[in-house]
Amino acid sequence: MTFPAGFLWGAATASYQVEGAVTEGGRGPSIWDTFAAAEGKVLGGATGAVACDHYHRFPEDIGLLADLGLNAYRFSVAWPRVMPDGRTTSAAGLAFYDRLVDELLSRDVVPVLTLYHWDLPQALEDAGGWPARDTAFRFAEYATAVHDALGDRVRQWTTINEPFCAAFLGYGSGVHAPGVCDHDTALVAAHHLLLAHGLATRALAGPGHEFSLALNFAPAIPDGSSPAHAEAARKFDGIHNRFFLDPVLGHGYPPDVVSDVAFHGGRFAASVLDGDTDVIAAPIDWLGVNYYAPARVTPLADPLAPSNCPLPGLRGMDVLPAKGPLTAFGWEQAPSALTSLLEWLSSRSDLPLVVAENGASFVDRVVDGRVFDAARVNYFMEHLGAVHHALRAGVDVRGYFAWSLLDNFEWAMGYTQRFGLVHVDFETQRRTVKESGRFLGRVAKANGLGTPAEGVRDPRA
Ligand code: FCB
């Protein structure tokens with residue numbers, strides 16, 4: 001498989017999942033500190049208080065990534081480090097990311113900075129959180145503060161990671177922080193997350209920088225070919241994928257989805273003010289595509305029957321159990337769905353695509369200082385093959401980021417799901433590079449690495 005010159009070969013992490021040091025450097029509490037501390041929210045009562053101790057060990061971790069042969073690191077900035085109370089900038093908080101970025105550049109690794117990967121300052125949640133419109137404006141201020149501090153060295157910016165999860169898991173099903181269970185509230189939160197993306201993109205736009213957001217897509221696979229099956233797939237695809245994609249592409253919220261969710265009480269429609277969809281459509285330079293698994297869907301006899309899937313507006317359809325082979329998380333391994341997803345996205349927009357997250361959890365064991373994670377090597381082989389198929393079909397894919405550089409705090413699952421290219425012993429913080437990490441590095445090196453100057457720009461342009 002040959003990939004284009006300048007392709008970004010990277011690994012991703014997120015602040016709360018790896019940093020630890022939650023009270024150091026003046027960091028304020030985030031909604032994830034609060035949520036994880038509450039009884040019964042995270043498996044085993046785990047928290048991100050120490051996580052991978054990346055806050056102290058980042059030079060070692062970046063060294064591992066660079067030594068593998070990868071050329072890009074997608075990380076997120078913790079808003080509560082930079083603004084402990086959600087509003088006032090902390091020089092000490094910014095200084096950490098200053099050191100992190102300098103370390104990356106010294107190792108010729110492209111920093112790909114995500115501004116929000118779910119750790120909202122608790123103070124802003126107390127003031128209403130994402131269901132409050134004001135939070136979107138606070139986000140734009142925070143984005144500007146980070147950009148002022150790091151914009152001289154960071155060219156690649158992602159505003160929000162997976163607004164779907166932040167809104168629907170955080171405020172809808174309540175399985176993520178802050179643990180609110182109300183679909184109407186979740187829809188309003190989703191709108192404000194997208195608005196925050198647009199406001200920040202407008203505020204930061206300027207030459208020499210590239211902007212994006214990362215959406216998590218779950219392609220809907222109907223388990224039959226009847227019109228009712230197609231309708232079940234339309235519903236799932238609508239609320240999971242198009243609800244977030246369409247407004248970013250400038251098409252506004254999809255009318256079929258807006259009518260599906262209308263019965264939730266109408267706060268969503270009222271929250272979309274004149275001009276908002278123009279803000280959300282602020283031009284971006286590439287789209288981050290997070291892909292893990294498709295959803296198999298089936299219609300119910302009664303089109304109004306409640307769905308087993310807790311997403312706003314879903315009725316008259318169910319999500320079926322995943323089909324094997326599965327990962328340890330129980331997620332279906334379906335590389336061909338990644339090819340069709342990339343082709344579908346490319347048929348809908350000219351935006352360059354970057355696979356910003358893709359990976360799998362398996363049960364890994366360190367034996368004699370090595371981790372032979374053959375299942376994960378196979379996973380990467382198949383999914384890189386899927387990306388390559390899309391490239392050959394003419395899709396403009398500019399990069400691939402494995403989730404994750406390190407085994408880490410997997411949200412509500414605590415430390416039970418290992419996704420890393422590098423194994424972490426959470427007792428000793430010892431790192432062991434897995435075979436899958438070496439594999440990905442070999443593919444990257446065999447394809448010739450881009451330089452930080454090339455970034456995701458079209459090398460042929
Ligand atoms: C994604 C998240 C990421 C990680 C992976 C497994 O939805 O963005 O933080 O938890 O799932």
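For the residue classes used here, Ala, Val, Leu, Ile, Met, Phe, Trp, Tyr, Cys and Pro count as nonpolar, Asp, Glu, Lys and Arg as charged, and the others, Gly among them, as polar. Keep in mind that you're looking at a predicted model.

**Stop one: the ligand.** Select the ligand and show what surrounds it: Gln-17, His-117, Trp-118, Asn-161, Glu-162, Tyr-292, Glu-357, Trp-403, Glu-410, Trp-411 and Phe-419. Sorted by class, that shell has five nonpolar, three polar and three charged residues.

Now pick out some polar side chains. Gln-17 puts a polar side-chain atom 2.7 Å from a ligand oxygen, and for Glu-410 the distance to an oxygen of the ligand is 2.7 Å. Asn-161 has a polar side-chain atom 3.0 Å from a ligand oxygen. The protein covers 94% of the 290 Å² of accessible area that the ligand has on its own.

**Stop two: the space around it.** The ligand's space is the largest pocket, with a volume of about 1,100 Å³. Of its 41 lining residues, select Phe-164, Cys-165, Leu-169, His-240 and Trp-331 to find those nearest the centre. Which helix gives the most to this lining? Colour H8 (163–172): H8 supplies four residues, the most. The lining's classes come to 27 nonpolar, nine polar and five charged residues.

**Stop three: the second largest pocket.** This one has a volume of about 150 Å³. Select its lining residues, among them Phe-217, Asp-237, Asn-241 and Trp-344. H10 and helix H14 (335–348) each give two or more residues here, and H14 has the largest share, with four. By class, the lining has seven nonpolar, two polar and one charged residues.

Methods
Residues are numbered from 1 along each chain as its sequence is written. This is a predicted model: local features need pLDDT of at least 70, side-chain atom pairs count only at pLDDT 80 or more; totals for chains, interfaces and linings use all residues. Side-chain values use heavy atoms; hydrogens and water are left out. A residue is near a molecule or strand if one of its heavy atoms lies within 4 Å of it. A polar contact is a pair of N or O atoms within 3.5 Å; within protein, one must be able to donate a hydrogen and the other to accept it, and residues adjacent in sequence count only if both atoms are side-chain atoms. Accessible areas come from the Shrake-Rupley method with a 1.4 Å probe; for residues, only the protein chains shown count as cover. On a 1 Å grid over the protein atoms alone, a cavity is a set of points where a 1.4 Å probe fits but cannot get out, and a pocket is an open set with protein on both sides within 12 Å along at least five of seven lines; lining residues have an atom within 4 Å of a point. A molecule sits in a cavity or pocket if more than half of its atoms lie within 2 Å of its grid points. Grid points are joined across faces, edges and corners, and a volume is the space filled by probe spheres set on the points.
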